Amino acid sequence: MIFMHQGYQFEFLRGEGPDPEVWTYSEGDAEPSRVYIRFTDWLETNVRQQKEAWARLVPWYKAEQQKPSDERRVYFYRHHPDGSVTDEL
């Protein structure tokens with residue numbers, strides 16, 4: 001298994017060789033289905049999607065950091081090993 005979402009959706013490798021197919025199964029599906037002919041296709045797609053998401057999130061995150069604390073829509077905290085929590089913005 002290479003991906004799982006909340007226990008009801010799975011993506012997994014199927015086949016032989018150095019670059020096997022990627023298949024998916026979701027709860028309620030009659031049977032698994034192939035979504036990528038090669039694992040490298042799946043990997044490239046996921047990298048591209050994550051890069052696009054970060055490209056949207058980074059400017060938003062930086063803008064939130066610049067706001068006064070009483071105007072922020074989201075708060076980001078760091079939980080330290082000693083159990084303490086600090087405001088990161």
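In the predicted model, a salt bridge links the side chains of Arg-38 and Asp-19, with an N to O distance of 3.5 Å. Arg-38 is located in the loop between β4 (33-36) and α1, and Asp-19 in the loop between β2 (9-14) and β3 (21-26), so this pair ties together parts that are 19 residues apart in sequence. Both partners are partly exposed: the relative accessible area is 36% for Arg-38 and 22% for Asp-19.

Arg-38 also takes part in a salt bridge with Asp-41, in which the closest N and O atoms are 2.8 Å apart. Asp-41 counts as partly exposed because its relative accessibility is 22%, a value that lies between the limits of 20% for buried and 50% for exposed residues. Through shared partners, the salt bridges join Asp-19, Arg-38 and Asp-41 into one network.

A further salt bridge is formed by Glu-21 and Arg-34, whose closest N and O atoms are 3.1 Å apart. Glu-21 belongs to strand β3 and Arg-34 to strand β4; the pair therefore ties together parts that are 13 residues apart in sequence. Glu-21 is partly exposed, with a relative accessible area of 24%, and Arg-34 is likewise partly exposed, at 45% relative accessibility. In total, the model contains 5 salt bridges, including the bridge between Glu-21 and Arg-34.

The strands named above belong to an open sheet of 4 strands, arranged in the order β1-β2-β3-β4 with antiparallel pairing. Strands β1 (3-5) and β4 are the edge strands, each of which pairs on one side only. On average, neighbouring strands of the sheet are turned by 30 degrees against each other, direction ignored. In general, the strands of a sheet pair through backbone hydrogen bonds, in either a parallel or an antiparallel manner.

Within this sheet, β2 and β3 run antiparallel and are joined by 6 bridges. Among the paired residues, Glu-11 has Thr-24 of β3 as its bridge partner, and Gln-9 has Ser-26 of β3. The two strands β2 and β3 form a hairpin with 6 residues between them, and Gly-15 in the turn has a positive phi of about 115 degrees. Asp-19, described above as a salt-bridge partner of Arg-38, is also found in the loop between β2 and β3.

Strands β3 and β4 are likewise antiparallel, and their pairing extends over 3 bridges. Trp-23 stands opposite Arg-34 in β4; Arg-34 is also the residue whose side chain forms the salt bridge with Glu-21. The hairpin of β3 and β4 has 6 residues between the strands, and in this hairpin Gly-28 adopts a positive phi near 100 degrees.

The remaining element to be described is the helix. Helix α1 spans residues 39-66. The helix packs on the sheet, where α1 touches β1, β2, β3 and β4, and the direction of α1 makes about 60 degrees with that of β4. Val-58 lies in this helix and, together with Trp-54 and Leu-57, forms a nonpolar patch on the surface. The accessible area of Trp-54, Leu-57 and Val-58 together is about 300 Å².

Methods. Residues are numbered from 1 along each chain as its sequence is written. This is a predicted model: local features need pLDDT of at least 70, side-chain atom pairs count only at pLDDT 80 or more; totals for chains, interfaces and linings use all residues. Side-chain values use heavy atoms; hydrogens and water are left out. Patches are made of residues with over 30% relative accessible area and no salt bridge: like charges are joined within 9 Å, nonpolar side chains (Val, Leu, Ile, Met, Phe, Trp, Tyr) within 5 Å. Accessible areas come from the Shrake-Rupley method with a 1.4 Å probe; for residues, only the protein chains shown count as cover. A salt bridge is a side-chain nitrogen of Lys or Arg within 4 Å of a carboxyl oxygen of Asp or Glu. Buried means under 20% relative accessible area, exposed over 50%, partly exposed in between (1.4 Å probe, protein chains only). Two strands pair if DSSP finds at least two bridges between them. Axes are lines fitted to C-alpha atoms, for helices over the stretch in contact, and angles run from 0 to 180 degrees between N-to-C directions. Contact means heavy atoms within 4.5 Å.
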